[in-house]
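Take a look at the fold, then work through the points below.

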Amino acid sequence: MPLGVIPAGTSNGMAKSLLDSVGESCTAFNATLAIIRGHKRSLDVATVLQGQKKYFSVLMLAWGLIADIDIESEKYRWMGSARMDFYAIQRIFCLRKYHGCIKFVAAPGFENFGEPNELGGEIDELNSNWVMQDGYCGPTFDMKGFNRKIEGPFVSIWLHNVPWGGEDVLAAPDAKFSDGYLDLIVMKDCPKMSLATLMSEMNKGGHVRSPHVLYLKVKAFALEPGPRADEPNKEGIIDVDGEVLARGRGTYKCDQKTLMTYDKLHIKVDQGLATVFSPIN
C-alpha cells in the first residue's frame with residue numbers, strides 16, 4: 001500500500017526529501033498534488049531490534065547532540081521551529097559527550113572506517129532473542145557481518161535513510177531512497193566554535209565535509225549507548241523518526257515509559273520494503 005506524506009509537523013524531513021528530489025518546495029499543496037498524480041517510488045525501511053521488541057523506521061535514528069536538541073527542545077515548542085536553533089546554541093556551549101560503542105556492516109567502499117570488531121557471544125544472544133510473530137517481523141540479523149566498530153566517547157551519532165532531516169537540515173546529502181543502506185554521521189570530538197560553524201552548514205549539507213565528522217554508508221548497525229562522560233550518573237536519549245525510542249537515567253522526562261530501554265540495540269535495512277507517493281517515479 002503506497003503511503004502519502006504531507007508536511008504538517010515541525011521538521012517534515014521525509015516530505016522535504018521527496019519534494020526536493022525534483023526541485024519542488026516543501027508545501028502541503030505540492031505534497032498533495034504528488035499524491036493525486038499517483039507516481040510511486042520504493043523506500044528503504046530500517047528495523048530497530050532490542051530483544052523481542054522491534055520498531056520500523058523510515059527517516060532517522062539519533063543519539064547524542066542531535067537527539068538531545070530534537071527531544072529536549074520540546075520544552076520550547078511555543079517558539080515553533082525556532083526552538084531547534086535556540087536549543088542547539090544551548091547544547092553547543094554546554095556540550096555533552098557520551099560513552100559507548102557502535103558496530104556496523106560497512107557498505108562497499110567504506111570498509112576502512114573504524115576498527116576491526118572482534119566477534120563474541122553476541123551472535124547467539126541476538127538470534128535467540130528473535131521471535132517470529134504474525135506479519136512481517138523484519139530482517140534476520142547475523143552478527144558475523146558486524147566487522148567494524150568505533151569506540152566513544154561521542155558527541156553525536158546520526159543514522160539517516162533520506163537526505164533531509166528537516167526542511168532546513170540536509171543531514172545526509174548522499175542518502176538515497178532505496179539503495180539498501182543507511183548514511184551514518186559520526187562526531188566524536190569537536191571544539192565548540194567549530195561545532196557552531198558546522199551546525200550552521202547543515203542547511204546545505206556542508207557539515208559532512210568537516211574534519212570532525214565521519215560520513216559513511218552502512219547496511220546494518222549496532223548501538224551500545226553509555227552514560228555521559230561529564231556526569232556518569234546521567235545517560236542519554238535515543239530518538240527514532242523524531243520520537244523517543246529510549247530514555248536513560250537523568251534525562252528529560254525520564255519518568256515516562258518508552259518502547260525500548262537505554263541499552264544495546266540493532267538496526268538493519270530492508271531495501272525498497274515500503275512504497276511512497278512521489279513527485280516522479
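Helices (H or I, at least four residues) and strands (E, at least two) are DSSP runs, numbered from the N terminus. Just after helix H2, for instance, glycine 38 takes a positive phi of about 85°. You're looking at a predicted model, where local features need pLDDT of at least 70, side-chain atom pairs count only at pLDDT 80 or more, and totals for chains, interfaces and linings use all residues. Residues are numbered from 1 along each chain as its sequence is written, and side-chain values use heavy atoms, with hydrogens and water left out.

- Buried means under 20% relative accessible area, exposed means over 50%, and partly exposed is in between (1.4 Å probe, protein chains only).
- In H2 (residues 28-37), the buried residues are Asn30, Ala31 and Ala34.
- Those three cover an arc of only 100° around the axis, which puts them on the same side of H2; the arc is that of the directions from the helix axis to the C-beta atoms.
- An α-helix has 3.6 residues a turn, so residues three or four places apart point the same way.
- What do the buried residues of H2 pack against? They pack against helix H1 (13-20) and strand E12 (265-277), where contact means heavy atoms within 4.5 Å.
- H3 is mostly covered, with 8 of its 8 residues buried; among them are Leu65, Asp68 and Glu72.

**Serine 57**

- Serine 57 sits in strand E2 (residues 53-57) and counts as buried, because its relative accessibility is 6%.
- Its side chain makes a polar contact of 2.9 Å with the side chain of aspartate 241.
- A polar contact is a pair of N or O atoms within 3.5 Å; within protein, one must be able to donate a hydrogen and the other to accept it, and residues adjacent in sequence count only if both atoms are side-chain atoms.
- Leaving aside neighbours within four places in sequence, serine 57 is in contact with Val45, Ala46, Val240 and Asp241.

**The largest pocket**

- On a 1 Å grid over the protein atoms alone, a pocket is an open set of points where a 1.4 Å probe fits, with protein on both sides within 12 Å along at least five of seven lines; lining residues have an atom within 4 Å of a point.
- The largest pocket has 45 lining residues, and Ser11, Asp70, Met84, Gly165 and Val169 lie nearest its centre.
- Elements that give two or more residues to this lining include H1, helix H3 (65-72) and helix H4 (82-93).
- Which element gives the largest share of the lining? That's H4, with 7 residues.

- Most residues other than glycine have a negative phi, and most peptide bonds are trans.
- Asparagine 12, in the segment before H1, has a positive phi near 60°, and at 16% relative accessibility it counts as buried.
- Lysine 253 isn't a glycine either, yet it has a positive phi of about 55°.
- You'll find lysine 253 in the loop between E11 and E12, partly exposed with a relative accessible area of 38%.
- Glycine 152 and proline 153 are joined by a cis peptide bond, with omega about 10°.
- Proline 153 is in the loop between strand E6 (148-151) and E7.
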